[in-house]
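Visitor: I am new to reading protein structures, and I would like to take a close look at a single part. Could you begin with the stretch that a database record marks out as a domain, and then lead me on from there?

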Amino acid sequence: MSTPSVIESVLVENRVFEPSEAVMKGACISGMDAYSALCAEAATDFGGYWARLARENVVWSKPFTKTLDESNAPFYKWFEDGELNASANCLDKHMGTPNENKVAVIFEADGGEVTKTTYKELLAKVSQFANALKARGIQKGDRVLIYMPMTLEGVIAMQACARIGAIHSVVFGGFSAKAVQERIIDAGAVAVITSNFQMRGGKELPLKAIVDDGLGLGSCESIKTVMVFERTSTACNMVEGRDVTFTEALAGQSTECAPVMVGAEHPLFILFTSGSTGKPKGVQHATGGFVLWAKLTMDWTFDLRPDDVFWCTADIGWITGHAYVAYGPLAAGATQIIFEGVPTYPNAGRFWQMIERHKCSIFYTAPTAIRSLIKSAEADSKVHPDASDLTSLRILGSVGEPINPEAWMWYYKNVGHEKCPIVDTFWQTETGGHVITPLPGATPLVPGSCTLPLPGIMAAIVDEAGHDVPNGSGGMLVIKRPWPSMIRTIWGDPERFKASYFPAEMGGTYYLAGDGAVRSIDRGYFRITGRIDDVLNVSGHRMGTMEIESALVAKTDLVAEAAVVGRPDDLTGEAICAFVVLKRGVPTGDEAKAIAKQLRDWVAKEIGPIAKPKDIRFGENLPKTRSGKIMRRLLRSLAKGETITQDTSTLENPAILSQLGQAY
């Protein structure tokens, strides 16, 4: 395990944006005094603090009497003698209230068609689907794999599983047949819920055929049912006795289904994290803690109000789509937008046009999406945010990876018009919800910093022995005390859970996030410097890849996007390799050499000569999954000159790999 002792490359960021009076007025947490009071409550009465929040924010069919059981650390239990149902906390609780007839979901399909569903209508659809699951023999504790397009039906399937106490495991609809097979085997799933096709950018892409291929790879005998949503009219293969269409499954099913109450520690879902090698890790989350934090962070982080229209652009195949599409907005009683497709179809202004069309007030997306749209917007005024009416916006959010300060500033100026706070949220699949983030009505904002932990999240930066390091020094991000929405275990592999997240050298009770971080000397703000294995050691100097990427993107007249990895070097131990997307075409020959030198000199000026990339490679884009995540493991292989042998089926743009082969 390696860690940066001192992050020499921390960029100085002096821009600070205080919350405006307009944002602070009526905010859920208004002002730093209110934030500090909550932190103090958590520090002085940790159990009482979480018990109060759980009673105020969750509907319990059987109230809990035990808040936290630490007797078998790190296998913590929260509210374990309480009982509840996640779906009831999202839907039933709104019945008989003004929310009953409120629009729960505005769905915009890939082709632009819009449908609106109220909470009452959504409850009926979820109940009907839950009855269809029961009719196929699926019951409490069974695992159900969901491999669906980004449609309302995917959320309905998740909610229906939760309603009957089944444990869902959603697999992103861009993963390969092998990935589907591995997850079925690991979870011991008894059913698959899928679709004949998905629509992306006007194209039909198969899903059911991939499921069939996965099942055909073998060892999937546990699957008894495959339910198929007919997203398009194109036929797909159906296996008699096993496969059933949604139309067939729902026929004659009642729209009423009593929710099955489960213990607070009952698994709500398993979500597999995809590593570059080895067996997938099935992150297991508990019902009570996850529902509490999903609802509460909707209120706190997004300062949610009754008339807000919330839009999280994430796919349900990722944790963001679980917490802030499928559960959080519904538990909080919000109207939310769900969109199918890609942000660049039918044009690269789709996000901004949808914000105008649906009067979105809270917009939550990934830095990768923002950076790619910057390039499009600056090339074509028709798809620039200025071409759309964005006055409905009041909160902006960032999720998925640290956001470069210059991308932050572009987002702040061009999308938020310097009126909308940006909540730069740090969290992980394992944390179940935000853990470090600004609060719109309280936290002064600093571009590129996720600022401070949420009240009750005891985050710190430590060295390899678990000792706190001073502000300004780099180290490993940990959370010292458990919290309700945390990972409970790795499904079927408790020893791997302990070794991965609670290392013995730190005492076995600190949650290791796997990220390097540094706190600013002046405010104590957290800044994520990249994964621990993304900390480069160049001639004994340790630097976070994120800092070098930030410096490159700060060259705003030239660079649209950049990703930095390390590669072995005989002279310096590690060499810095930068993959760069310019705001112009891809240069070659002497022009490429000249631009590479210009960028090296720029990084030397911004950080120091030691941070100059040894290799710079240019491309039209970076290798990204269909959700927009940069596949850094492929970049590492390219940097080392290795032949790509990893699965590239999740790539949106596989042809880009050959383009990035030339180093300058």
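Guide: The UniProt record, an unreviewed entry, lists residues 35-90 under the name "domain: Acetyl-coenzyme A synthetase N-terminal". Please keep in mind that what you see is a predicted model.

Let us look closely at one pair of helices here. Two packed helices are described by the angle between their axes and by the distance between those axes. For helix α2 (residues 32-44) and helix α3 (residues 46-57), the angle is about 120° and the axes are 5 Å apart. Angles of 65 to 115 degrees count as roughly perpendicular and those over 145 as roughly antiparallel, and α2 and α3 are therefore described as oblique to each other. If you follow the contact itself, you will find that Leu38, Glu41, Ala42 and Thr44 on the α2 side meet Phe46, Tyr49 and Arg52 on the α3 side. The residues of this contact divide into four nonpolar, one polar and two charged.

Strands of a sheet pair through backbone hydrogen bonds, either parallel or antiparallel. The open sheet I have in mind has seven strands in the order β5-β4-β17-β16-β18-β19-β20, with mixed pairing. Its edge strands are β5 and β20 (422-424), each of which pairs on one side only, and neighbouring strands are turned by 20° against each other on average, when direction is ignored. Inside this order, strand β16 (residues 309-312) and strand β18 (residues 362-365) pair in the parallel sense over three bridges, and Trp311 has Phe363 of β18 as its bridge partner.

Asp110 is found in the loop between β4 (103-108) and β5 (114-118), and because its relative accessibility is 3%, Asp110 counts as buried. Leaving out residues up to four places away in sequence, Asp110 touches Met199, Arg200, Gly201, Gly202, Glu340, Gly341, Val342, Tyr345 and Arg350. The other residue, Ser361, lies in the loop between α12 (350-358) and β18, and Ser361 counts as buried because its relative accessibility is 7%. When neighbours within four places in sequence are set aside, Ser361 is in contact with Asp308, Val309, Ser392, Leu393, Arg394 and Ile395.

Among the buried residues of α14 are Trp408, Trp410, Tyr411 and Tyr412. After α14 comes His417, whose phi is positive, near 50°.

β28 runs antiparallel to strand β29 (residues 573-582), and ten bridges join the two. Gly566 stands opposite Ile576 in β29, and with three residues between them, β28 and β29 form a hairpin.

Methods. Residues numbered from 1 in each chain as written. Predicted model: local features only at pLDDT ≥ 70, side-chain atom pairs only at ≥ 80, totals over all residues. Heavy atoms only, no water. Pairing = 2+ DSSP bridges. Helix = DSSP H or I, 4+ residues; strand = E, 2+ residues; numbered from the N terminus. UniProt positions renumbered as here; feature names shortened; annotations may be inferred. Axes fitted to C-alpha atoms, helices over the stretch in contact; angles between N-to-C directions. Parallel < 35°, antiparallel > 145°, perpendicular 65-115°, else oblique. Contact = heavy atoms within 4.5 Å. Nonpolar A, V, L, I, M, F, W, Y, C, P; charged D, E, K, R; others polar. Buried < 20%, exposed > 50% of the residue type's maximum accessible area, 1.4 Å probe, protein only.
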